[in-house]
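Here is a short report for a reader new to this structure. Look at the sequence and the model first, then read on.

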Amino acid sequence: MKRLITGLFIFLIGVAAAHAASGSLMFAATEMPKPDPCLPFIGQTSSWLNENFSGKVKFEYYERKELEKAIRDGKVDIILSEAGEAARLRKWGTRPLLTAVSIRHPNPQRGQGSVFFVRNDRKDLSELKDLRNLKLAATDDNDFTGFHAGMGELIHRGFNPDKFFSHIQFIGSSSKVAMHHVVDDVISGKADVGIVKTCFLEDLEKLSGQAYPVKVIGEKPKDSFGM
């Protein structure tokens, strides 16, 4: 299953230099839960920097809000982040330097997005417009793939995302554990519809070895979208 709403994959972005005061080039990365396809890339980058520029670079992981504060305070020079997060961080003065691609995500213009899903026994729900006035479960109101990309699709379809759902319940985190909670809330009936990162449902089924009783609404198949 290939579904696209919007997205990129991962950016390397730079901010105003902070190394003048510390004497080291400061690298930062956003925390990501295991397993995550970005983790090997980030971990290997950190290891290579430490091996080849020992004492000249520092590498630190941040929670999202802590990273924003570090950027505002000028404490980091270069950030490795998912593309959605990278785009959001530009309001703090960052700028893109490099886009990373992978076998799974060969096209950075079609690497991240969101999917809306419901229980597969909801025969009354088949299109996005059917989700109006229902209860939505989402990860976090600052999560690009777990919330904002989907809201952007609603705008693209001519809906007002602020008034589209009757209620939005946030788990409070953008982790894969939070996305799993979103799936559980939909299956249990605590929410009518959920929104998670593209490919998460497929990855969840592959990891658990079982099929989940859900279906995607507003599917947009794209042959060029990485799985």
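## Terms and basis

Buried means under 20% relative accessible area, exposed means over 50%, and partly exposed lies in between (1.4 Å probe, protein chains only). This is a predicted model: local features need pLDDT of at least 70, side-chain atom pairs count only at pLDDT 80 or more, and totals for chains, interfaces and linings use all residues. Residues are numbered from 1 along each chain as its sequence is written, and side-chain values use heavy atoms, with hydrogens and water left out.

Helices (H or I, at least four residues) and strands (E, at least two) are DSSP runs, numbered from the N terminus.

Most residues other than glycine have a negative phi. Cysteine 199 is not a glycine, yet its phi is positive, about 75°. Cysteine 199 sits in the loop between strand S9 (193-197) and helix H8 (200-208). With 7% relative accessibility, cysteine 199 counts as buried.

Asparagine 133 also is not a glycine and has a positive phi, about 70°. The loop that holds asparagine 133 runs between strand S6 (114-119) and strand S7 (135-138). Asparagine 133 is exposed, at a relative accessible area of 51%.

## Aromatic pairs

A pair of aromatic rings is described by the distance of the centres and the angle of the planes. Rings of Phe, Tyr and Trp (its six-membered ring) pair if their centres lie within 6.5 Å; planes under 30 degrees apart count as stacked, over 60 as edge-to-face and the rest as tilted. The structure has seven aromatic pairs. Phenylalanine 27 and phenylalanine 59 make a stacked one, with 6.2 Å centre to centre and 10° between the planes. Phenylalanine 27 belongs to strand S2 (residues 25-30) and phenylalanine 59 to strand S3 (residues 57-62), so the pair ties together parts 32 residues apart in sequence. Both phenylalanine 27 and phenylalanine 59 are buried.

Phenylalanine 147 and phenylalanine 170 form an edge-to-face pair: 5.0 Å centre to centre, 80° between the planes. This pair links distant parts of the chain, with phenylalanine 147 in helix H5 (residues 144-156) and phenylalanine 170 in strand S8 (residues 167-170), 23 residues apart. Phenylalanine 147 is buried at 9% relative accessible area, whereas phenylalanine 170 is partly exposed at 35%. One aromatic cluster is formed by Phe116, Phe159, Phe164 and Phe165.

## Strand pairing

Two strands pair if DSSP finds at least two bridges between them. S7 and S8 pair in the parallel sense, over four bridges. Lysine 135 stands opposite histidine 167 in S8.

S7 and S9 also run parallel, joined by two bridges. Leucine 136 has valine 193 in S9 as its bridge partner.

## Nonpolar cores

A nonpolar core is a set of buried Ala, Val, Leu, Ile, Met, Phe, Trp, Tyr and Cys residues joined through side-chain atoms within 4.5 Å. Which members of the largest core touch the most other members? Of its 17 residues, they are Phe116, Leu131, Leu136, Met151, Leu154, Phe165 and Val193. S6, S7, H5 and S9 each give two or more residues to this core. H5 gives the largest share, three residues.

A second, separate core has 15 residues, among them Ala137, Val196, Phe200 and Val214.

Contact means heavy atoms within 4.5 Å. Leaving aside residues up to four places away in sequence, valine 193 touches Phe116, Phe117, Val118, Leu131, Lys135, Leu136, Ala137, Phe165 and Val186.
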